[in-house]
Amino acid sequence: MAILLISDNNHNSIIEKSVTKIKMLLDKGGYQYKHYEIANKKLNHCIGCFSCWLKTPGICIFNDIASEIAKDYVKSDVAIFISNIRYGTYSVPIRRVLDRQIPNILPFFEKVNNEIHHSSRYNNYPEFVVVGCGEDISDFEIETFKSLADANAINFKKEKAFVYVCRAVRDIDETVQSLENHFSQWGITRNEKNLLC
Amino acid sequence: MKKICFVNGSPRGEKSCSQYYIDSVKQLFDIEKNRTHVIISTASLKKKNNFEDFKIMAESENIIFSFPLYIDSIPSHFLEFLYQFEKYNKVSERNAINKLPRIYAIINNGFIEGHQNKNAARIMYHYASRIGLTWRFAIGIGAGEFMMTSKKNIPIQSKMKLCIHEAFLKLKKDIESNEVLCENNIFTNPKMPKKLFMFMGDRHWVQRARKNKIRKKELYNKPIK
């Protein structure tokens, strides 16, 4: 799978339109992708039991959509999270999905940029892309959100995150265009077969 | 008489490092002169009606949120709890006028560097600002798992952990004073070389796995093909 799209479309029209336009881009371009819409879905929160490290290494004790996403995450080349921004962080469902990614890394430590982080369990991890939406977001909250996404990317074994912020509907087209430009940089190619279909 | 409400934001509840820090701070206060209350967020979320908890929080002069860092931020269940308190607080006129309670955060992360809590500290600042309460500061503490497992053998006032104890004393003084004594977040951690922390940490995981009859080699399993 090339692209994994995870959205929490339960907050505002900007998210709804972002999801629609990004899916249009993926469909029109014939890109291979899988979309999880997690709004109103039952997602267990990480309970910090460490079973996924110490009892069943790499597998969470819960079997729900968040576990499925964690499995698809390491199989994808690009993971795009679409969330509202509140207090400079993600929505609760998106946070649940991110918290439940820890089976994909090891308990063991390594140094990254002279900071300690967990080591990789797998050889490859997808590009970490975040689309943050909301009309009422301060500049400082955006700064926090970007800093948070970059820190997440490091813990998910990438140098940095690609963060797009849509405060208004007019920002969405620019985001979609920028995403398309990045696809080739990330090695994602259009599937001509799909286009013909 | 100061009213202080501690909120434990760890999914592990009373067995957590967050609770250990709550207990460490709580014992610094004179129980004759202060009234303290502890709310466990997981237990509160399970209640059919947790308005009583929110009422206690809203009527406190100080709230100290103590929680673990999950993927650089706030654990999802605790974020849900904060949403609920925001909703409750919107209907409370008292808080809008007094800008009370004053908000503090104690954040603990598993890596040694306390400064890795900086994003979560900022999120808590945004939270306090959004709900119209007075933000004071956060204490971000590294090496949570180590701090917990070594609490009996290496007390918090030992040389290695003294900086954490001192941060807690600053928090106590700030609460007891009506003045602004500390302006900035404090990021701290037990004093030990990073190499030693990594060595001890890795050994800790192997030993814990062994209790589950999981060998070191198995910890590297790659179940997703």
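Start with B:Cys163. Its sulfur lies 13 Å from the closest cysteine sulfur, in B:Cys17, which is too far for a bond. A disulfide here means a pair of cysteine sulfur atoms within 2.5 Å. B:Cys163 is buried, at a relative accessible area of 17%. Buried means under 20% relative accessible area, exposed over 50%, partly exposed in between, with a 1.4 Å probe and protein chains only.

A word on the source: this is a predicted model, where local features need pLDDT of at least 70 and side-chain atom pairs count only at pLDDT 80 or more, while totals for chains, interfaces and linings use all residues. Residues are numbered from 1 along each chain as its sequence is written, chains are lettered from A and ligands numbered from 1 in the order in which they are written, and side-chain values use heavy atoms, with hydrogens and water left out.

Back to cysteines. In chain A, take A:Cys46. Its closest cysteine sulfur is in A:Cys52, 6.6 Å away, too far for a bond. A:Cys46 counts as buried too, at 13% relative accessibility. Over all chains, the disulfide count is zero.

Now chain B as a whole. What does its secondary structure come to? Nine helices and six strands. Those are DSSP runs, numbered from the N terminus: helices are H or I with at least four residues, strands are E with at least two. Of the 225 residues in chain B, 57% are buried. Along the principal axes, the C-alpha atoms fill a box of roughly 60 × 45 × 30 Å.

Contacts next. Contact means heavy atoms within 4.5 Å. Take the contacts in chain B between residues at least 6 apart in sequence: 80% of them join residues at least 24 apart.

Zoom in on B:Phe168. It sits in helix H8, residues 162–176 of chain B. Buried or exposed? B:Phe168 is buried, with a relative accessible area of 1%. Which residues does B:Phe168 contact, leaving aside its neighbours within four places in sequence? They are B:Tyr21, B:Ser24, B:Val25, B:Leu28, B:Ile106, B:Ile139, B:Ile141 and B:Ile156. Helix H1 of chain B, residues 17–26, is mostly covered, with eight of its ten residues buried. Among them are B:Cys17, B:Tyr21, B:Ser24 and B:Val25.

Over to chain A and its sheet. Five strands form an open sheet, in the order E2-E1-E3-E6-E7, with parallel pairing. Strands E2 (33–37) and E7 (162–166) stand at the edges, each with a single partner strand, so one side of each has no neighbour in the sheet. Neighbouring strands are turned by 15° against each other on average, direction ignored. Axes are lines fitted to C-alpha atoms, for helices over the stretch in contact, and angles run from 0 to 180 degrees between N-to-C directions.

Inside the sheet, five bridges join E1 (residues 3–7) to E3 (residues 78–84) in chain A. Two strands pair if DSSP finds at least two bridges between them. A:Ile3 has A:Val78 as its bridge partner in E3(A).

Last, the helices on that sheet. Helix H4 of chain A, residues 92–99, lies across E1, E3 and E6, at about 145° to E3(A). Helix H6 of chain A, residues 170–185, lies across E1, E3, E6 and E7, at about 165° to E7(A).
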